Amino acid sequence: MSRVQRNMIEFFTSMIFMFSSLSCLYAQSESSYFQQKLGYKIKARLDDVTQTVHGYVEIQYTNQSSNSLDTIWFHLWPNAYSGRNTPLCKQKLNHRDASLYFAEESALGRIDSISFTVDGIPVKTQYNGQSSEMVALVLNKKLRSGQSTTITTPFKVKVPDAKFSRMGREGDAYYMTQWYPKPAVYDSRGWHPMPYLDQGEFYSEFGDYDVELDVASNYIVAASGVLLNEQENENLRKLSSVYGTSNQTSIISAATSSERKTLRYRLENAHDFAWFADKQFQVSLDTVTLASGKKVAIAVYHTPKKQELWKDANSYSANGLKFLSDAIGDYPYETFTVVDGRISAGGGMEYPSITILNSPSNAESLERVLVHELGHNWFYGALASNERDNPWMDEGINSYYEQLYMAKARISDPASQKGLFSNQVEKILGQSLNEDSLMNLFFDLASYDHQDQPIATKSDEFTFFNYGAIAYMKTAKAFDFLFDYLGEELASRCMHDYYNEWKFRHPQPEDIQRSFERTSSMNLDWFFKDLLTTNAPLRLSVRSTEIDKRINILRRNGPETPIQIIDKNGVNIWIPPFQKDTAINVSNFSFPISINTEYESVLKQNNLRVGMSVNRILPKPHLRLFTSLVDEPNSYNLTLAPAIGWNTYDNFMAGIYFSNRKVVPRAFEFSLTPLYSTQRSDISGSFMSAYHYWPVNSTLKEVELMFSGSSYGYDYYENNTTSAFAFEKTLVYRRATAGLNFKLRNIDIHSRSNKQFSLRFINLRTEEAVFQVSQRTITREFKSDPRNFGVLGFENQNDRKLDPFSYSLNLTGSDDHVKFFTEFKYRFNYKKERKGLDVRFFAGTFLYNKTIRNYNFKMSSWRGADDYLFDGIYLGRNELEGLWSRQMLVRDGGFITPMALGQSSKWLTALHLSSDNPTPIPIRPFLNIGTYEGINRVFPDIKSPFMYEGGLTFSIVKGIAEVHFPLFNSADIDRTLDVNNVKFAEKIRFVLDLSKLSFDQLRSKIINRIR
């Protein structure tokens, strides 16, 4: 044997050993899977007088792992409703919902009267330090591999109000979900005890259920599984036989509440059991036969409130069962039940073989939500992934099939989804509010500044907005991308094989990838390990190598996905995943061609259309009346709208608003609003341009460079003498601003804090009358001398639901002065959610002051003449009497009383307190306290170092439109008012802060609120 032969044999031997090792490892990963076996016997009695459920559960627990167990973790999920300190309450607060935090004791819920035994012997319990919802049973002896044990406990559930989450009561209706003691999942990764959450559903172990429910006889019950009582089945059939007729009400009310009935249900291969009881349920029964021949019993339970809406629910159920069974695999249970409910869990909530919906508004919405919740019997029911860790495996894939159904198989009238309001909005916008445009809007809102999160994010780590936009919608679109790449036939085989392999088991992300790869014979790392795990934008560029024959596509950033190329005739090809660049023969294409056009939003890809000379084709401008939500494909929307305005000096103004701004901020934005002033017969108006840069993975969330300008009348010069100077003229100001803003990214994406550094340079020219006096003549000119200001600021605004606050630091100055001031605001919430005490603190000091102008700190809130930077909008900026002289904006000391007293060229500080009252009437008492340098020198006989005032505020729109009534004040204010003969009516002032209604302010507020 030659040396070469020996080397070849060693090489092939090594290769065989390597592949054998890999095969062993693969087999080991398959064989290491196990799941525990459970059998439930539950007896429960509903007491609707005390609003409690008394129960007893017996669980046969079989340890099918290779490990011995010394503890078994249990969930006591009703304790999520027990008070302010539960993870559920904390999550709801983070989502701006304080309903549970401020709930009355009578509305709360809990589970108690627990007394666990194992094989008849009491055991010790240890509660999880995080929540009383998780308890460990410390076994008296280890439960070895293959052994079974019997666990029992009585329990009592105080049923909470249904407005909080998925379980609860509303009137005589009871929604019993996650209601009994349940073992946590133990798998190859260990125990999975978890608290109950709204955002982030459940991970539970499969078992067989035998459940008896004792209820008053006039309750109609819908439950998981098969009802075994023939008499009750006959009652339901009678109700169904008169469904939609006048007789159904008399049949429903025939039973008396003094009698009781016990209902028994059986459910196999399920990981939960839910039931719903209501005295007013109407019942409609049906049966559907799947393509395989399997028969599924359908039941619809709904209240009389929307009889017409629910009449086709059976048809939606049957159609959905057939479509999804064909697309994925046969429906896994014998029954499917739909319940009309009023719980707070979004549009609906799924449980094995049963779902509850929240009274959808129209037929299209009912069909969509019903099919979505039906789909969870495959994704969550049979394919029981850990949704708390991997919501995309449940909500995301299920949303894909929901959208596929609505596109291919829906039976509700497409016009049913649009009411009069939607139609009118579409007419105004000139744009259809279809599913694709709204989905793209959600993607863009989530991702324009890279605040989106990867699809493979845990449920409770998503922000509230991202959970819907990413875990549901983006995942659905991502699987659309994957299945489009695989092709319809191969994608269908992949899903059927995955379902059949993992039905009634707990698949992990690597399991679905392994299954898809085995069926497709493809490496799908680009999807499961790249696209799902990143929020990096896909950046592509194109260059030509030979005109009209070959092009090179370069991937500069983002996931290594395939690329879809479509020409103008709809011909498309797929380019497999590549790392850097790839050359493509395009000689058979009709230009222009588009790249990933349908998937730009989900990939965060730049719009890429290529023309004949392989140059980028810019989107076409598209002029719209009013505004638009999103851009049409390959277009760039511009808004043209009528604009009007008014102030005392320009009088009525009319003109146009021309802009490219939309709901989602663009990188470059502009607006131009020229207005014709009827008073001056000249042009007033404003303009704005801004460039936004949103870094990826940076401490900076946004960098904004902006330029703006405005010109309006601001005063009125009037000389009514008979001399040569008799003249009337509207004086005009012109303001130009350049600004640079740095918005900081929060370390915790759930934080409601918005931090920003800002730098502004302001050039201001105010037209003023100037008199020149010489020996013989006096001349008058109207000049606009420039004044330049610099403003450096930092602001942190935290709009958390409970006790929101903000503070700002500001340095303002010009060549003759520099002043520093700070403002701090805090709201202390009362026991009731919408009530609170507002605190505002202000302090300011001059660092340098040589100015002859009055830039003093002022104890009184500013009227227009005090706003020397022209930051605010005043409709009568320099009026001394009349209605518009009463307009103010809360600045500096924030006092309401108009007065010259309380000014300082050195320092000033003030505290403002304002409280809601217990009634719904929007009247708020207020108290202002302040002091300033030299306060004791104004009236030497008044020794108090503080001035104060108090009164009432009528709040029309808090902070925007308010009327203030000062009712009492300190002695120095009294004396000042007496000297100037100020009457009570003249002390009344109002806030009208129109700047808070600007496009930028409203857009920012809306985006911050919904995200």
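## Starting at Arg937

Is Arg937 buried or exposed? Arg937 is exposed, because its relative accessible area comes to 59%, and the cut-off for that label is over 50%. Its side chain meets that of Glu933 in a salt bridge, with N and O 2.8 Å apart. Glu933 itself is partly exposed, with a relative accessible area of 22%. Keep in mind throughout that this is a predicted model.

## The chain as a whole

Let's zoom out. The protein chain has 1011 residues, and 53% of them are buried. DSSP runs give it 19 helices and 51 strands.

## Strand S1 and its two partners

On one hand, S1 runs antiparallel to strand S2 (residues 52-62), and 11 bridges join the two. Lys37 stands opposite Thr62 in S2. S1 and S2 make a hairpin with four residues between them, and in that turn Gln51 has a positive phi of about 60 degrees.

On the other hand, S1 also pairs with strand S15 (residues 207-216), this time in the parallel sense, over eight bridges. Look for Ala44 here: its bridge partner in S15 is Leu213.

## A four-stranded open sheet

Next comes an open sheet of four strands in the order S10-S11-S19-S16, with antiparallel pairing. Its edges are strand S10 (168-170) and strand S16 (220-223), each of which pairs on one side only. Ignoring direction, neighbouring strands of this sheet are turned by 10 degrees against each other on average.

Val221 stands opposite Ala277 in S19.

## Around Thr673

Thr673 lies in strand S35 (residues 668-677). Why does Thr673 count as buried? Thr673 has 13% relative accessibility, and anything under 20% gets that label.

Leaving out residues up to four places away in sequence, Thr673 touches Ala643, Ile656, Tyr657, Ser684, Gly685 and Ser686. One of these contacts, Ile656, is 17 residues away along the chain, with the two C-alpha atoms separated by 5.7 Å.

Lys477 and Asp480 are about one helical turn apart, because they sit three residues from each other in helix H11 (residues 464-486). Lys477 is buried at 10% relative accessibility, whereas Asp480 is partly exposed, with a relative accessible area of 22%.

Another salt bridge links Lys729 and Glu767, whose closest N and O atoms are 3.4 Å apart. Lys729 belongs to strand S38 (residues 727-744) and Glu767 to strand S39 (residues 753-773), so this pair ties together parts 38 residues apart in sequence. Here Lys729 is partly exposed at 23% relative accessibility, and Glu767 is buried at 11%. There is also a network of salt bridges, which links Arg827, Asp838, Asp916, Arg924 and Lys958.

## A nonpolar surface patch

Finally, check the surface for a nonpolar patch with about 1,100 Å² of accessible area together; its members are Ile921, Ile923, Ile929, Phe946, Tyr948, Leu952, Phe954, Ile956, Val957, Leu967, Phe968 and Phe984. Strands S48 (923-932), S49 (947-957) and S50 (961-969) are the elements that give two or more residues to the patch.

Which strand gives the largest share of the nonpolar patch? That is S49, with five residues. Phe954 is placed in S49, and Phe954 counts as partly exposed because its relative accessibility is 35%.

Technical notes
Residues numbered from 1 in each chain as written. Predicted model: local features only at pLDDT ≥ 70, side-chain atom pairs only at ≥ 80, totals over all residues. Heavy atoms only, no water. Patch = residues over 30% accessible without salt bridge, like charges linked within 9 Å, V, L, I, M, F, W, Y side chains within 5 Å. Areas by Shrake-Rupley, 256 points an atom, 1.4 Å probe, with all protein chains shown as cover. Salt bridge = Lys/Arg side-chain N within 4 Å of Asp/Glu carboxyl O. Buried < 20%, exposed > 50% of the residue type's maximum accessible area, 1.4 Å probe, protein only. Pairing = 2+ DSSP bridges. Axes fitted to C-alpha atoms, helices over the stretch in contact; angles between N-to-C directions. Contact = heavy atoms within 4.5 Å.
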